[in-house]
Amino acid sequence: MYSLFGYGKMIADRHRMNAYVKALENSIQPGSIVLDLGTGTGISAMLACQLGAERVYAIESNPAIIVAKSAVKDNDFTNKIELIQELSVNVNLPEKVDLMISDLRGILPFFQQHIPAIVDARSRFLKEGGIMIPLRDRLWGTLVCAPELYRTYSSPWQDFPYNLNLKSARRFVLNSWQRCRITPEQCLLKPQLLTTLNYPEISTPNFQARLEWEVEQDGLVHGLCLWFDAKLVEGVEFSNAPGEPDLIYGQAFFPWLESVAIAAGDRIICEIKANLIGEKYIWQWHSQVTHKGEIKANFQQSTFNAQLLNPEALKRRSPDYIPQLNEEGKIVHFILSTIANASDRERDLEAISRQCATIFPERFPTWESALNRVRDAIENYSL
Ligand SMILES: C[S@@+](CC[C@H](N)C(=O)[O-])C[C@H]1O[C@@H](n2cnc3c(N)ncnc32)[C@H](O)[C@@H]1O
């Protein structure tokens with residue numbers, strides 16, 4: 001969940017913002033109807049109005065929309081911007097739009113439900129031939145020499161801190177990836193294109209790619225670095241490539257299980273996959289280094305293996321597992337069934353909390369101690 005601090009950092013990223021402003025300047029016509037998908041604090045919606053949009057539908061699920069509401073009022077755009085606090089997939093609009101603008105990416109464009117949300121909004125809200133900002137993202141990658149960065153991953157777990165063996169954690173950490181800032185000097189091989197996300201056409205949130213290199217110079221590989229560049233509209237682009245001005249996104253570092261010395265004549269193959277499972281991507285990266293057909297290194301890694309799942313938790317995810325409510329589940333069940341079935345008099349927050357305290361006295365010795373639990377359920381599951 002984004003914080004207000006995070007939204008501030010996005011607005012303060014001049015390179016990102018200048019590109020978005022330019023893209024809007026090139027695209028908005030007087031009278032344009034606009035969708036700002038994931039408006040955050042309302043910045044793109046208000047910029048669209050400044051540039052002559054007739055009406056903007058600004059959708060945002062995060063409570064940051066409260067700030068957008070005040071900003072829209074303070075900037076006199078209340079008659080032009082309709083703010084909708086909801087996930088876009090649950091929204092219907094009264095008309096189709098000429099232009100939709102969004103920036104739902106994380107460090108990479110493969111982030112949470114970013115692509116399904118764009119595909120859904122495009123198909124339901126955008127006029128035939130309407131403008132999409134961004135138009136296209138491309139994913140790039142290369143192998144990097146990054147000893148300092150690699151040490152932050154591995155050293156706490158393999159250097160026997162305080163004479164303790166913490167090695168069991170290492171394999172979890174090395175199956176996860178993080179934001180990084182890589183310099184061009186750290187890139188060992190020519191960057192390659194992994195995939196292109198053409199937003200007017202894209203339909204799947206998943207991708208897989210195979211990268212191959214013939215090594216020409218010796219070096220020490222610590223992992224794979226990925227980044228994206230973006231075309232917002234024709235002629236307006238930015239890039240997160242190492243050496244380009246730093247943007248808020250940065251680059252992503254996928255460590256190898258060990259550092260590997262590569263030499264001229266080696267052949268390297270990296271296969272990378274990202275599959276959206278629920279809200280999260282599972283990333284897999286398989287890396288193989290060979291010399292004249294001999295395998296020098298062969299690593300199979302996946303963010304699935306970074307999950308701290310004990311055997312009991314894994315068993316509970318199996319399709320044939322028959323679940324039962326735990327105490328927390330019984331509390332939520334009680335609260336929700338009271339909301340759904342009780343009379344109005346028995347269903348204000350105090351009444352529900354009093355009943356909760358009677359039924360679960362060990363958990364809630366007083367009705368006041370149940371109130372926050374009831375509030376949480378109300379916030380998540382009620383109108
Ligand atoms: C990276 S922020 C961008 C905020 C703002 N548009 C900007 O450019 O500064 C992405 C925002 O999109 C929102 N978001 C992501 N998917 C959404 C969806 N399907 N419906 C509504 N909001 C969504 C997130 O909550 C977040 O506030």
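I looked up E271 first. E271 is partly exposed, at a relative accessible area of 33% (buried is under 20%, exposed over 50%, partly exposed in between; 1.4 Å probe, protein chains only). This is a predicted model: local features need pLDDT of at least 70, side-chain atom pairs pLDDT 80 or more, while totals for chains, interfaces and linings use all residues. Residues are numbered from 1 along each chain as its sequence is written, and side-chain values use heavy atoms, without hydrogens and water.

I then checked the partner. E271 meets R210 in a salt bridge, 2.9 Å from N to O (a Lys or Arg side-chain nitrogen within 4 Å of an Asp or Glu carboxyl oxygen). E271 sits in strand β13 (266–277) and R210 in strand β9 (207–214), 61 residues apart (strands are DSSP E runs of at least two, helices H or I runs of at least four, numbered from the N terminus). R210 is partly exposed at 46%. I also found both in a salt-bridge network with E212, E214 and R267.

Next I took D229 and R138. Their closest N and O atoms are 3.0 Å apart in a salt bridge. The pair joins strand β10 (219–233) to strand β6 (136–144), 91 residues apart. D229 is buried at 9%; R138 is partly exposed at 22%.

Last pair: E328 and R373 form a salt bridge at 2.6 Å. E328 lies in helix α9 (327–341) and R373 in helix α11 (367–381), so the bridge ties together parts 45 residues apart in sequence. E328 counts as partly exposed at 29%, R373 as buried at 18%.

I searched the whole structure too and got 23 salt bridges.
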